[in-house]
Amino acid sequence: MSTGTPVVPAVGAYVIDTRDGRVGQVVGREGPRLRLRPVGGGREWECAPGAVRCATAAERLRAETGHANARSRGERAW
């Protein structure tokens, strides 16, 4: 039976921000919100724990591949 309280992912976990579908790694907390960093680095964003779900291995791989491809095309410097 669920209590309705969202499970907070651990620091280092890869999650999907269900508001927009972005894949991020949990890097910490700011009050009640999670701090997420995109795969491959970049600008962090905040998200409520209830608006994330764990990323599948396929989703994480897709994000990592997309980052590597963009970097090889010179679209990303990090």
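The model is predicted, so local features need pLDDT of at least 70, side-chain atom pairs count only at pLDDT 80 or more, and totals for chains, interfaces and linings use all residues. Residues are numbered from 1 along each chain as its sequence is written, and side-chain values use heavy atoms, without hydrogens and water.

**Exercise 1.** Determine which strands pair with β1, and in which sense.

Solution. Strands are DSSP runs of E, at least two residues, numbered from the N terminus; two of them pair if DSSP finds at least two bridges between them.
- Step 1: β1 (residues 14–17) pairs with β2 (residues 23–30) in the antiparallel sense over 3 bridges. Here Ile-16 has Val-23 as its bridge partner.
- Step 2: This hairpin has 5 residues between the strands, and Gly-21 takes a positive phi near 85°.
- Step 3: β1 also pairs with β5 (residues 52–54), antiparallel over 3 bridges. Val-52 is the bridge partner of Asp-17.

**Exercise 2.** Assign Val-15 and Ile-16 to their nonpolar cores.

Solution. A nonpolar core is a set of buried (under 20% relative accessible area, 1.4 Å probe, protein chains only) Ala, Val, Leu, Ile, Met, Phe, Trp, Tyr and Cys residues joined through side-chain atoms within 4.5 Å.
- Step 1: Val-15 and Ile-16 point opposite ways from β1, and both are buried.
- Step 2: Val-15 belongs to the largest core, of 8 residues, including Trp-45 and Ala-51. β3 (33–38) and β4 (45–47) each give two or more residues to this core.
- Step 3: Ile-16 belongs to a second, separate core of 5 residues, with Val-23, Val-39 and Ala-55 among them.

**Exercise 3.** Find what lies over the face of Trp-45.

Solution. The criterion is NZ of Lys or CZ of Arg within 6 Å of the ring centre and within 35 degrees of the ring normal. Arg-22 lies there, at 3.8 Å from the ring centre.

Technical notes
Buried means under 20% relative accessible area, exposed over 50%, partly exposed in between (1.4 Å probe, protein chains only). Helices (H or I, at least four residues) and strands (E, at least two) are DSSP runs, numbered from the N terminus.
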